[in-house]
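Visitor: I would like to go through a protein structure with you. Could we look at the fold together, one topic at a time?

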Amino acid sequence: MGLQSGSTANLPPTAGINIDIDVTAPQTATDGGMKLSKAGVELLVLTFNCAKNVVDVPVFGGHLRDALLGQDGLPELVVMSLQEIAPLSYSFLGEWWLRGYYDAFGQALNLAAAGQKYTLVKGKNVGMTALLVFALCPERISGTVEEGEVGFGAAGMGNKGAVGVRVNYQGQELTFVATHLAAMEWNLKKRNANWRAVVGGLTFEDPRVVLPGVFGERPATTQVDRSMPLERTGSMDSSEEEDAPLLSPPSTFSLDSDDTPALTPEQKRRLQDISIFKPTSHLFVAGDLNYRISSTTPPPGSAFPSFDPASENHHSHFFSRDQLTQERLAGRTFHGMSEAEVTFGPTYKYDILDSPEGAVNEAAAAEGSEVPWKFASHRWPAWTDRVLFSAAEGAEVETGVYGSLPVVRSSDHRAVFWRGRVPLSDGGKKLEGEVVGKKRLPVDIDVWAWGRRQTARRRELVVGLLALVWSTKEGAVFLGTMAMVGMGWWWFAHGGLL
């Protein structure tokens, strides 16, 4: 399959943002990627936009096998970030409706595991984005599996959003976040704002419960929430939006502001501990982040990235235009996060063809080893699907392989996976290294996010039910049944038995 290896990239300090995170990952090159140390736990983190289709178990399991069976054996944990996992009707109604979708990925994983069995420790969704955590030895996970979510789609619903899970594995906390950010080329600032909404709004406990009586009642009206910027047609111009504060009081509360004397250092620490940036936890964020290589659509006749290493248009020459890398290094998004070197090709947008004729991969498709495809002409091919990480303070993340899986018929995205190792704390003791407390939140905690999410969840149920009735087979059966009942009642009421 030709999986590509990568080395981690150190993130330089970001100007004007109170962050000090040093993530490094020394590695030794081998023929099969990168050789990992024996200490710690080996992980595989995968992200895939499912395009609302149930995954083909034999096909996806076969593609996953090479990524799963590394030189050090199977990873102990496999985490899947899945976007557009199912139609909106099923996704909005709850996890019961997603069981078949979850099961398909579990079956594919265990098919790839060659006789060993992974157990689904936690499946959690926010709207159409889901996070699945599988373990070879689930008994090594102790305590309560924590979860959190935030929606930033229409009216705060989860057609776009993020879901988080935190587990304690052999004494070390691991935080995983799956997210789907705003689409379309021109929505760069909205994607950055989505990230700020993830950091500020995705907490593993309600801040008002953690610190009772501190924040009071939610105001009837609040100032503009900068985590949800105005659309391009809004009244705020681009320069005003870019310079605006990340989040506005009273909907948020800063951990480090000088004008918040009511919070003690212990209270500030407690709030940060329920965020995704808990200092003692390793953090992985994976998803369809939707960052592109241009803010406009490609003009006719544009040269697209090639997978031919000898081509002057090889995809490596296009990656310098990657928005995520540019914005991250400029300190405007994914603050404090690192990414392994990207050596795989663009993961979006693919048109799947019915025959090899005219396909980019015509030879391989003719042999039957690959699905015939070409890039969609109305979108710049881009690296929309990514996995980023931040190590616990005083620790290092080691990358083994960072690569993509082959194209499948059911989606216009490639799946992307990261495989590597993170250290474990020694019997619950602090990892050796720098003093805990250096890692800072880049965005204030949004103390009202839990309440808004509950309101949005009620909207989702209504929308989901309406969509189920009007756009699914189950809905058609329901409407047909009701029609028959209505006709029968009319017949009875008009003397049908006489």
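Guide: Let us begin with a pair of residues: T47 has V416 in strand β15 as its bridge partner. Please keep in mind that this is a predicted model.

Visitor: How do β3 and β15 pair, and over how many bridges?
Guide: Strand β3, residues 41-49, pairs with β15, residues 416-422, in the antiparallel sense, and seven bridges connect them.

Visitor: And which way do β3 and β4 run?
Guide: Strands β3 and β4 (residues 77-83) run parallel, joined by seven bridges.

Visitor: How many residues of β3 are buried?
Guide: Nine of its nine residues are buried, so the strand is mostly covered.

Visitor: Which residues lie on each side?
Guide: In a regular strand, side chains alternate between the two faces of the sheet. In β3, one side carries V41, L43, V45, T47 and N49, and the other carries E42, L44, L46 and F48. Both faces are covered, as all of these residues are buried.

Visitor: Changing topic: which residues touch the most other members of the largest nonpolar core?
Guide: They are L43, V45, L174, F176, F284, Y402 and W418, in a core of 43 residues. Strand β8, residues 161-169, gives the most to this core, contributing four residues.

Visitor: What does L174 touch?
Guide: Leaving aside residues up to four places away in sequence, L174 touches L43, L77, V165, R166, V167, Y169, S281, H282 and V422.

Visitor: What about a second core, how many residues has it?
Guide: The second core is separate and has 38 residues, including V55, L93, Y118 and A130.

Visitor: Now the helices. How far does α4 reach?
Guide: Helix α4 covers residues 188-201, which is 14 residues, and reaches 20 Å from its first C-alpha to its last. That is close to the 20 Å expected at 1.5 Å a residue.

Visitor: Why is α4 described as largely enclosed?
Guide: Because 13 of its 14 residues are buried, α4 is largely enclosed by the rest of the structure.

Visitor: How many helices and strands are there in the protein?
Guide: The protein has eleven helices and 15 strands. Of its 498 residues, 53% are buried.

Visitor: And what is the accessible surface of the protein?
Guide: The accessible surface comes to about 21700 Å², and carbon and sulfur atoms account for 55% of this.

Visitor: Last one: what share of the contacts joins residues 24 or more positions apart?
Guide: Among contacts in the protein with a separation of 6 or more, such residues account for 76%.

Notes: Residues numbered from 1 in each chain as written. Predicted model: local features only at pLDDT ≥ 70, side-chain atom pairs only at ≥ 80, totals over all residues. Heavy atoms only, no water. Core = buried A, V, L, I, M, F, W, Y, C linked by side-chain atoms within 4.5 Å. Buried < 20%, exposed > 50% of the residue type's maximum accessible area, 1.4 Å probe, protein only. Helix = DSSP H or I, 4+ residues; strand = E, 2+ residues; numbered from the N terminus. Contact = heavy atoms within 4.5 Å. Areas by Shrake-Rupley, 256 points an atom, 1.4 Å probe, with all protein chains shown as cover. Expected span 1.5 Å × (residues − 1). Pairing = 2+ DSSP bridges.
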